[in-house]
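This report describes a helix pair and a sheet with its packed helix. Please view the sequence and the model together while reading.

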Amino acid sequence: MKMYSGHSNRRYLIAALVAVFIAVVLHPTRSEAYAGPGAGFAVLSSFWTLLVAFLYSLYAFLTWPFRHLLRLFRRRKAYGNAQIRRAVILGFDGMDPELAERFINEGKLPNLAKLRQQGTFSKLRTTFPAISPVAWSTFMTGVNPGKHNIYDFLGRDLASYLPYLSSAEIRGPKRSFKLGKYTIPLGKPEIKGMRKSTPFWHWLGKAGIFCSVIRVPVTFPPEKFPGVLLSGMCVPDLKGSQGTFCFCTTRASGDKFREGGVRVPVERNGSAFHSYVPGPEDPLGNGSGKELRVNFEIRPDVSRQQARITADSESFTIKVGQYSEWIPVKFKAGLGFSAHGICRFYLKEVSPEVEVYVTPVNIDPGRPDLPISHPVTYSIYLAKLFGPYATLGLAEDTWALNEEVLDDDAFLAQAYGNHEDRERMLFDALEKTQQGLCACVFDTTDRVQHMFWRYLEEDHPAARNVPRDQRPNVVQDLYQRMDNLIGRVMQQISDDTLLLVVSDHGFKSFARCVNLNAWLHQNGYLTLKENKTESGDWFEDVDWSRTRAYTMGLNGLFLNLKGREREGIVAPGADAETLKDELRTKLDGLVDPASGRVGITGVFDCDTVYAGPYVDNAPDLIVGYGDGYRASWDSVMGKVTSQIFEDNLKAWSGDHCIDPRLVPGVLFSNHKIAVEKPAIVDVAPTMLKLFGLAIPKHIDGKPWKVATQSSAA
Amino acid sequence: MSASIFRIDLPAAIVIVLSIVIGLLMVLVFAWTSDQKAIHVAKDHLKAHLLAVRLFQDQLPVVLRSYGRIVLGTGRYLRLAFKPLLYAIIPLTVLIVFLDLYLGWKPLKSGETFLVKVHTASADALDGVSLQLPPDIESTAPAVHVPADNEVIWRAEAAKQGQYEISVADAGQTVSKRVVVSEGIPRVSPIRLQGFWKRIFISGEPALPDGSHIQSVEVVYPARNIYFLGMEWNWIWLFFVLSLIAGFAFKSILGIEI
């Protein structure tokens, strides 16, 4: 009865509201009086949208005949010699051909099986070294690293022996002026891309072929070209790093994280807790290094195992083991200067301690402080259409799992959350690019294999504590998800669309670490300062005046060359060549005494594997580790330890930075491709050829012979 | 010159204060009664489709689809804004009707002539209509009959300030109408009417009896124009503009999606 009464009242209320509204609207005498602010807002906002749309439509309508003619002319020219209408390239970073084949044969990947049966499946030769920024740079430019200048994630400063990011250099504005305690920057930060040579979509775009390029690595800073592009791997976070997570905890502070994160104390204040998210350096701070912060409050509800978090003006509740949505954060620097970012909060614990993990603060795609797309509006368009999304190059926080701040489930939730965003972008790009090129790279394959390879092996050091029957099928599930994605893409494309599924490299186990600096030290090539038996990070205790070779980064081995390195001692020419030969001879086939297995299966002279104007920036030798081995975590950071070989106990348990011959990528296609040993360097010239463009002479790759219709057709 | 542009008299001050207060209230009502998240998403989608038109301008099917989505998105946005609009409109309507009686018309000044218009049901009834004035108001011209409009008009003048009742008689029935002569901002009802809907919006006096030949009695007051920023404004337009500005300002400050 009550219910009836309630419904009845509501009905009368609605009827009354509608009656008043109609009377107000229809009343002719002074109806303007009753529009009022409420209606005014709604009407003005929608009117404004319609007005803008109308004006733009008018412009588009009036100019359409001219543009259409121009487009017809350009398109006829552009597509006149094209063998295909559209190419869709799905880049699955790190998809391994052996694993793919195994799962196909087990009947777990029906869509890849279909591609193998009706089109093409092959291994795809990778680059030297088999590292993503190197391989994807070769993918897009069709040249070897000697021509695109990317040899690793890191380069080394010849004066200081310190590392720098190899793909892009970000500097503050050149000019500034002082105003009291502030230093006001004049102009924008300078971002310089370090990758050389031209991506193939620039050639296509210039020829009038539309291209949508999403998250291909080493596309930051985004370069201008006639198409749309969202930058991928190497986009920094708001701090300018490649991803610095923040772990806020009431627990007493321990050691600082080795990689990728900062520990921030959580202070109790009554029933609430307070902490902060560290941000970028204060741009007005005159280089003082003062960090900007966003404070946040945590109000735990222990009985419900949840907490209410308030950061800036945003307030939200999350349960233990749950992520928040992307939360906008604004780092205020004073004088109206601010930096805009987004981050997600993950509630780890509310009792007895309070612990919150915060993702690295990503550049806000809806309001980018640095350009992360071309045109700039493309990232904004995607943010408006799908909501905020991860923009950081290495968006899946592998460091947090390595440092055990996140557990397996939390990491996977984060990785697949990003993956779903990427899928939405891909399908939008497919819809928008009915003719031309659509290329999208998915990083999930790489990150998940890095972190969960340990469960694939019987006796991986990082999974020895996990009983065999409790190990999840994470990698198999990953491949099935990717297969499912391919299936959905295949439903969207017709037979005249070429689908390529490529990976930049494959994957192998990373069970044992090799500290090459330790080997160099023990074999007399690297000398430490007096009374030192080990060295801290970045060669802190290395005596350069007595050091002939050193290593940093993942695969590069460098001579301490006179006239090149600041304190170089090896004479270029014959001495250097002799030293290289000596190192190659000794390292090639280096055996791990603990297992008797070969830890290094090849050492490659860069003078023979690279050719081009930037060879001088390359390492002197590329070290190819054997299956199960990789450069140790310490060696990568220029640290010298006493142990050459040791177990890898981190969750990061699979890798590809080994002998490139052991980790080819995959090539799947819905069209038959007649080529014996395809390589990633061939993709760019193949695309140019398929769209009827001449292949520039400097390109190293060779175009494949691709059937212009799918076999299914 | 600049001093005159920024001159603010009492009616303008009232409108400004009211606009700010109402602007704030309307924004709060909008926030409380709307689905803020849905409005945010709807607006973002609209912006995305607008950007799509620009980003993919050479691809006609994409552009046309985007236009379609803009129209659909605008409809979705208006639907979301409709509920808070309904909640806002009732109190606002009542308030504006109430305020219009004070700010819509100026009262008569002493010695100022004015017209009294009586509208009848038919032209035949015009001859039977007569006007009776209180002692301080005198007729300054004979009645003018306008049969085409069923209307009879008198011209009159009030000698001094005050509130008066004038009477209009027809076939033995007499109805009254208030006349306000003042220098301030009193409540002024320009017309007395039959019926309900029309009356609630523009009359501040009781309804005329049903069945009477007399359908309305009107005293023609001069419209009140409000001087603001060097221009003469109808108070409602000024209120509309200022309350919108205030509303947009408060929405930004309070972080409310509109």
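Axes are lines fitted to C-alpha atoms, for helices over the stretch in contact, and angles between N-to-C directions run from 0 to 180 degrees. Helices (H or I, at least four residues) and strands (E, at least two) are DSSP runs numbered from the N terminus. The model is predicted: local features need pLDDT of at least 70 and side-chain atom pairs pLDDT 80 or more, while totals for chains, interfaces and linings use all residues. Residues are numbered from 1 along each chain as its sequence is written, and chains are lettered from A and ligands numbered from 1 in the order in which they are written.

In chain A, the axes of helix α11 (residues 444-452) and helix α12 (residues 474-492) come within 9 Å and cross at roughly 170°. α11(A) is therefore roughly antiparallel to α12(A) (an angle over 145 degrees). The residues of this contact (C-beta atoms, placed from the backbone, within 7 Å) include Phe452(A) of α11(A) and Met482(A) of α12(A).

Chain A also holds an open sheet of 4 strands in the order β27-β28-β30-β29, with antiparallel pairing; strands pair if DSSP finds at least two bridges between them.

| Strand | Residues |
|---|---|
| β27(A) | 549-551 |
| β28(A) | 556-559 |
| β29(A) | 600-605 |
| β30(A) | 621-625 |

β27 and β29 of chain A stand at the edges, each with a single partner strand, so one side of each lacks a neighbour in the sheet. Antiparallel strands β29(A) and β30(A) are joined by 5 bridges; Asp605(A) has Leu621(A) in β30(A) as its bridge partner. Helix α14 (residues 574-587) of chain A packs on the sheet, touching β27, β28, β29 and β30 of chain A.

Methods: Parallel < 35°, antiparallel > 145°, perpendicular 65-115°, else oblique. Contact = placed C-beta atoms within 7 Å.
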